[in-house]
Amino acid sequence: MSKLVVLYKKPADPAHFEKHFREVHMPLVKKMPGLRSYSFGPATDLEGKDGAFFWTFIGTFDSLKAIHEAFGTPEGQAVGADIPNYSPEPPAIIHIESTEG
């Protein structure tokens, strides 16, 4: 399994970010071909305080190739194009080749 991890810094308007992410962005994400599962939400340090990132998204795909293919579709391109609508700073995006336990 491959994990797509998206890490967002705290925006100037956290309420707008969360509303748009939940109501607009996630419906677009759910249409991406090959997306097997996902999780998302606010991120904190282990004491529950603001950490290095404000929000995370983790999507599971079959492979890194499947992630690239998903972003090459109109649905995937719509996801990428929507990010500036709620996050003025581009997120950090990483891939993890996951070993499930």
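In this predicted model, strand S1 pairs with strand S4 (residues 92–97) in the antiparallel sense, and six bridges hold the pairing. One place to look is Leu7, which stands opposite Ala92 in S4. S1 also pairs with strand S3 (residues 50–61): seven bridges join the two, and they run antiparallel. Along this pairing, Val6 stands opposite Phe57 in S3, and the bridge partner of Tyr8 in S3 is Trp55.

These pairings belong to an open sheet of four strands, in the order S2-S3-S1-S4, with antiparallel pairing. S2 and S4 stand at the edges with a single partner strand each, so one side of each has no neighbour in the sheet. On average, and ignoring direction, neighbouring strands of this sheet are turned by 20 degrees against each other.

Helix H1 lies across S1, S2 and S3, and it runs at about 5 degrees to S3. Helix H2 lies across S1, S3 and S4, running at about 55 degrees to S1.

Is strand S1 enclosed by the rest of the structure, or left open? Seven of the seven residues of S1 (residues 2–8) are buried, so this strand is largely enclosed by the rest of the structure.

In soluble globular proteins, nonpolar side chains tend to be buried together. The largest nonpolar core in this model has 19 residues, and those with the most contacts inside it are Tyr8, Phe17, Phe21, Phe57 and Phe61. S1, H1, S3 and H2 each supply at least two residues of this core. Setting aside its neighbours within four places in sequence, Phe61 is in contact with Met1, Ser2, Leu4, Met32, Pro33, Gly34, Leu35, Arg36, Ala66, Ile67 and Ala70.

Which side chain does the side chain of Ser2 meet in a polar contact? The side chain of His95 does, at 3.1 Å. The side chain of Thr60 makes a polar contact of 3.0 Å with the side chain of Lys3. Apart from its neighbours within four places in sequence, Thr60 is in contact with residues including Met1, Ser2, Lys3, Gly34 and Arg36.

The last topic is charge. Side chains of opposite charge can pair when their charged atoms come close. How many salt bridges does a search of the whole structure find? The search finds five.

One of them joins Arg22 to Glu18, with the closest N and O atoms 2.8 Å apart. Both residues lie in helix H1 (residues 14–29), four residues apart, which is about one turn of the helix. Arg22 is partly exposed, at 40% relative accessibility, and Glu18 is partly exposed as well, with a relative accessible area of 29%. Glu23 forms a salt bridge with Lys19, and here the closest N and O atoms are 2.8 Å apart. Glu23 and Lys19 are separated by about one helical turn because they are four residues apart in H1.

Arg36 forms a salt bridge with Asp62, the closest N and O atoms being 2.6 Å apart. This pair links distant parts of the chain, 26 residues apart: Arg36 is in the loop between H1 and strand S2 (37–44), and Asp62 is in the loop between S3 and helix H2 (64–71). Arg36 is exposed, with a relative accessible area of 54%, whereas Asp62 counts as partly exposed at 39% relative accessibility.

Methods: Residues are numbered from 1 along each chain as its sequence is written. This is a predicted model: local features need pLDDT of at least 70, side-chain atom pairs count only at pLDDT 80 or more; totals for chains, interfaces and linings use all residues. Side-chain values use heavy atoms; hydrogens and water are left out. Buried means under 20% relative accessible area, exposed over 50%, partly exposed in between (1.4 Å probe, protein chains only). Two strands pair if DSSP finds at least two bridges between them. A polar contact is a pair of N or O atoms within 3.5 Å; within protein, one must be able to donate a hydrogen and the other to accept it, and residues adjacent in sequence count only if both atoms are side-chain atoms. Contact means heavy atoms within 4.5 Å. A salt bridge is a side-chain nitrogen of Lys or Arg within 4 Å of a carboxyl oxygen of Asp or Glu. A nonpolar core is a set of buried Ala, Val, Leu, Ile, Met, Phe, Trp, Tyr and Cys residues joined through side-chain atoms within 4.5 Å. Axes are lines fitted to C-alpha atoms, for helices over the stretch in contact, and angles run from 0 to 180 degrees between N-to-C directions.
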